[in-house]
Amino acid sequence: MRKKPYQRKKGGKYYIDFYEVVAGGNKVRRTKSTGTTDFSVAKQILKEKQSLAALNKFSMPTASRHDLTLEEALDRYLKFKRAGKISKTWEESILRAIKQCFVEVSAIKYMNQVRDTHLEAYVSWLIEEGFADSVRDQHERIVRKFLEWLHDRELIPNDPLKKVSKLTKNIGKAMHRRMILPEEVSWIERALETKREKYNNKRKADSRERLACYLLAIRTGLRSSEIAALRVGDFELTGAKPKVVLEGRFTKNGMQAIQYLDMKIADRIKKQFKVKSLKAADLAFNLPRRAQRSNMLRRDFVAAREAWEH
């Protein structure tokens with residue numbers, strides 16, 4: 001076992017080896033990532049783990065004792081979590097979820113009373129109380145981690161999660177995405193080709209300019225912020241292989257992006273530049289501000305749907 005923090009690959013995060021005291025005073029070797037590339041910080045985390053092991057050596061109950069109260073178990077768990085430097089907000093979330101599960105819903109006093117039905121009852125209670133899906137998912141994970149920690153240290157006789165699969169499935173804030181179909185693209189083109197009104201008088205982005213933006217995004221995969229940063233000089237629209245070059249300071253990965261265009265899109269963009277008499281240093285597209293782009297997109301897609309319906 002290594003006595004100092006070490007890196008598994010050059011420039012990577014530091015790992016530490018340490019002993020953890022479990023029930024009965026037995027020591028279990030652990031290896032954990034510190035989550036930092038700073039040696040001094042990793043060394044401090046290792047010292048905290050060693051200090052916690054020394055504390056538990058004298059305070060850990062024997063393996064035959066399973067009459068630990070909820071308050072005692074929660075106190076030990078929070079000491080363990082604080083050694084990893086959790087935030088005050090996260091500590092409050094842990095307290096709230098565990099007390100809701102085992103005090104408000106199940107009303108248990110000793111941890112040896114915990115059963116698999118308690119977690120199921122807690123998730124059902126969260127649903128009845130109208131908690132958001134993301135909150136239910138977070139609270140279930142907190143309770144699961146707590147019970148796993150207790151069982152790993154033999155502080156509860158049985159594993160209450162052995163027969164319980166994850167209860168909140170497919171939870172997430174983001175909606176499911178799908179690609180725009182070629183048929184849908186054709187309806188967007190038809191709707192915007194027949195439009196003549198301005199979306200925003202100050203920005204002067206007419207329907208044909210917006211259509212050029214949409215087709216460019218569909219063809220290249222560029223983000224709205226990246227398209228908004230493009231200038232006329234970034235386009236090379238002449239020749240057999242027209243392309244657009246985006247500087248690294250505007251991309252997510254910080255690297256220059258080169259995307260080739262088909263002739264149809266290149267001709268459309270070239271015509272747009274000519275109509276507006278743009279110079280190389282001018283912005284290629286006069287898009288609205290970031291907060292208004294979703295409204296612009298939604299409005300145009302509604303028009304495409306109306307064209308499809310009629």
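This is a predicted model: local features need pLDDT of at least 70, side-chain atom pairs count only at pLDDT 80 or more; totals for chains, interfaces and linings use all residues.

User: What does the secondary structure come to?

Analyst: The chain has ten helices and six strands.

User: And what pLDDT does the chain average?

Analyst: The average is 81, and 85% of the residues score at least 70.

User: Where does pLDDT stay under 50?

Analyst: One such stretch is residues 58–65, for which the model has 16 contacts beyond four places in sequence. Another is residues 170–175, with three contacts beyond four places in sequence.

User: How much of the contacts in the chain comes from residues 24 or more positions apart?

Analyst: Counting contacts with a separation of 6 or more, such residues account for 58%.

User: Okay, helices now. At what angle do α7 and α9 pack?

Analyst: About 145°, and their axes are 10 Å apart. Helix α7 covers residues 207–220, while α9 covers residues 263–276.

User: Is that crossing left-handed or right-handed?

Analyst: The crossing of α7 and α9 is left-handed.

User: Which residues make the contact?

Analyst: On the α7 side they include Arg208, Leu211, Leu215 and Arg219. From α9, Ile265, Arg268, Ile269 and Lys276 are among them.

User: How many of the residues in that contact are nonpolar, polar or charged?

Analyst: Between α7 and α9, six are nonpolar, one is polar and six are charged.

User: Switching topic: where does Thr69 lie?

Analyst: Thr69 is in the loop between α1 (39–59) and α2 (70–83).

User: Buried or exposed?

Analyst: Thr69 counts as buried, because its relative accessibility is 18% and the cut-off for buried is under 20%.

User: What is Thr69 in contact with?

Analyst: Apart from neighbours within four places in sequence, Thr69 contacts Lys109, Tyr110 and Met111. There's also a polar atom of the Thr69 side chain 3.2 Å from the backbone nitrogen of Glu72.

User: Last one, Trp308. Which helix is that in?

Analyst: Trp308 sits in helix α10, residues 290–309.

User: Why does Trp308 count as partly exposed?

Analyst: Because its relative accessibility is 46%, and partly exposed runs between the buried cut-off of 20% and the exposed one of 50%.

User: What does Trp308 touch?

Analyst: Leaving out residues up to four places away in sequence, Trp308 touches Glu183 and Trp187.

Technical notes:
Residues are numbered from 1 along each chain as its sequence is written. Side-chain values use heavy atoms; hydrogens and water are left out. Axes are lines fitted to C-alpha atoms, for helices over the stretch in contact, and angles run from 0 to 180 degrees between N-to-C directions. Helices (H or I, at least four residues) and strands (E, at least two) are DSSP runs, numbered from the N terminus. A crossing is left-handed if the near helix is turned anticlockwise from the far one by less than a right angle, and right-handed if clockwise. Contact means heavy atoms within 4.5 Å. Ala, Val, Leu, Ile, Met, Phe, Trp, Tyr, Cys and Pro count as nonpolar, Asp, Glu, Lys and Arg as charged, and the others, Gly among them, as polar. Buried means under 20% relative accessible area, exposed over 50%, partly exposed in between (1.4 Å probe, protein chains only). A polar contact is a pair of N or O atoms within 3.5 Å; within protein, one must be able to donate a hydrogen and the other to accept it, and residues adjacent in sequence count only if both atoms are side-chain atoms. pLDDT is the predictor's confidence in each residue, from 0 to 100.
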